[in-house]
Amino acid sequence: MSKRILVEIRDGRREIALLDEKRLLAFYEDAGGGIEAEQIYLGAVDRIVKGMEACFVRLGGESMGFLPFAECKEKPRSGDKLLVQVKKPPIGDKAPYLTADVSLAGRYALLTPLTPRCAVSKKITEEAERERLLNTAQRLAPSGMGLVMRTESAQAAETDMAADVKELLSQWLEVAKKRKNASVPCLLRGREDALLRLLRDEHGDISEILANAPDRLPPVPLPVRACENPFDLYAIRSKLEKSLQRKVWLDCGGYLIIDKTEALTVIDVNSGKFTGGKSGTEDTFLRLNLEAAKEIARLARLRNMGGILIIDFVDMQSEDSRAAVQTALEEALRDDPVKTVVHGFTSLGLMEMTRKKN
């Protein structure tokens with residue numbers, strides 16, 4: 001295990017960095033009470049927009065969420081009280097995207113307390129294991145509820161999965177209890193603590209946690225080593241600044257240009273200073289694109305890119321080369337806890353992928 005977590009708490013603000021050797025993989029800071037994905041609200045339907053087959057839901061104060069009818073079991077009416085969950089946080093002027101299909105995520109399973117369905121992550125492809133997990137989900141699902149077995153459940157012991165489901169059920173019962181006496185609108189459940197969520201998503205791959213204030217952290221399953229300036233020790237702010245630029249250099253001398261638009265994110269791969277030595281043109285471009293694919297996967301997580309991503313790799317003539325680049329991108333995205341789908345090269349030679357907004 002080579003990954004480590006660094007935590008700095010200063011002036012009431014907490015920042016968290018995830019490192020793999022010297023590579024910065026993720027960075028989080030306390031959002032300060034804003035609307036975030038996974039939050040659960042008891043909201044009130046403010047107005048119906050028939051032409052959009054959707055409604056707007058009051059979440060508190062001036063905040064409104066957008067709820068398509070497709071995300072509800074029954075079509076809501078103006079004034080209805082609704083239990084909703086933030087599926088996508090607000091982006092620019094866009095309201096947060098809501099769902100009435102509430103779910104709670106654990107290490108091994110996703111509990112769907114209002115929808116009695118059982119399923120297995122598509123990332124688990126071995127048929128015998130899929131069948132085992134589906135049977136396990138059907139046994140462990142609380143009455144009237146559903147379970148989706150996450151990727152980490154592959155090869156996991158049933159006792160561990162049962163403990164996970166028990167904890168998720170306890171969390172849901174707490175939400176249900178708060179709902180009984182809650183005024184409308186109100187926040188019933190905030191997003192899981194960022195540090196605990198990171199530990200869960202990394203599936204036990206963390207070797208150590210360094211923090212400048214260990215006594216101010218939530219209980220964690222690893223020993224925490226005190227360090228006065230963990231970010232300075234690993235040059236986190238410098239790494240973050242370079243990773244958030246429009247132009248990001250690759251180790252080989254090539255670079256990426258990243259432009260975010262309202263509809264999608266465009267990433268252009270450029271050869272820059274990379275010449276490839278004595279390699280032929282095709283091999284040179286393949287090596288450049290392979291490094292770019294790994295870096296794009298890292299940046300997608302670090303910069304929390306969401307929605308449609310279009311990547312313009314340096315043009316290659318060989319179908320084998322294109323397949324190698326697509327495979328490299330898929331492999332590099334495998335550790336991303338957020339759902340990503342690589343759709344492949346378009347007829348224009350552009351790589352298309354999607355990533356859920358986290």
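**Cores, salt bridges and strands**

Me: Leaving aside its neighbours within four places in sequence, which residues is L256 in contact with?

Reply: The model is predicted: local features need pLDDT of at least 70, side-chain atom pairs count only at pLDDT 80 or more, and totals for chains, interfaces and linings use all residues. Residues are numbered from 1 along each chain as its sequence is written, and side-chain values use heavy atoms, without hydrogens or water. With the neighbours within four places set aside, the contacts of L256 (heavy atoms within 4.5 Å) are R246, K247, V248, L250, I267, D268, V269, A292, E295, I296 and L299.

Me: How many residues does the largest nonpolar core have?

Reply: A core here joins buried Ala, Val, Leu, Ile, Met, Phe, Trp, Tyr and Cys through side-chain atoms within 4.5 Å. L256, I267, V269, I296, I311, F313 and L329 have the most contacts inside the largest one. Its residue count is 28.

Me: Which element gives the most to this core?

Reply: Elements are DSSP runs numbered from the N terminus: helices are H or I, at least four residues, and strands are E, at least two. Those giving two or more residues to the core are β17 (255-260), β18 (264-270), α6 (281-302), β19 (307-312), α7 (319-333) and β21 (351-355). With eight residues, the top contributor is α6.

Me: How many residues are in the other core, the one with V120 and A141 among them?

Reply: This core lies apart from the largest one. L147 and M149 are also among its members. Its residue count is 26.

Me: How many bridges pair β17 and β18, and in which sense?

Reply: Two strands pair if DSSP finds at least two bridges between them. β17 and β18 form a hairpin, with three residues between the strands. Y255 has N270 in β18 as its bridge partner. The pairing of β17 and β18 has six bridges, and its sense is antiparallel.

Me: In β19, which residue is the bridge partner of T265?

Reply: On to the next pair, β18 and β19. These two strands pair in the parallel sense, over five bridges. The β19 partner of T265 is L309.

Me: Which strands stand at the edges of the open five-strand sheet?

Reply: The sheet has the order β3-β2-β1-β14-β15, with mixed pairing. Two of the strands have a single partner strand each, so one side of each is left without a neighbour in the sheet. Those edge strands are β3 (23-29) and β15 (224-226).

Me: How many residues apart are R117 and D101, and where do they sit?

Reply: The two form a salt bridge (Lys or Arg side-chain nitrogen within 4 Å of an Asp or Glu carboxyl oxygen), with the closest N and O atoms 3.0 Å apart. R117 sits in the loop between β10 (109-112) and β11 (118-120). D101 sits in the loop between β8 (97-99) and β9 (104-105). The pair links distant parts of the chain, and the separation in residues is 16.

Me: Is R200, the partner of D201 in a salt bridge, buried or exposed?

Reply: Buried means under 20% relative accessible area, exposed over 50%, partly exposed in between (1.4 Å probe, protein chains only). The closest N and O atoms of R200 and D201 are 3.3 Å apart. D201 is at 10% relative accessibility and counts as buried. R200 is at 12%, so R200 too counts as buried.

Me: What is the relative accessible area of R334?

Reply: R334 meets E331 in a salt bridge, 3.3 Å from N to O. E331 is partly exposed, at 43%. R334 is exposed, and its relative accessible area is 52%.

Me: Which residues do salt bridges that share partners join into one network?

Reply: The salt bridge count is 25. Shared partners tie some residues into one network. Its members are E8, R10, R13, E15, E29 and R237.

Me: How many disulfides are there?

Reply: A disulfide needs two cysteine sulfur atoms within 2.5 Å. C55 is buried, at 0% relative accessible area. The closest cysteine sulfur to that of C55 is in C72, 5.8 Å away, too far for a bond. The disulfide count is zero.
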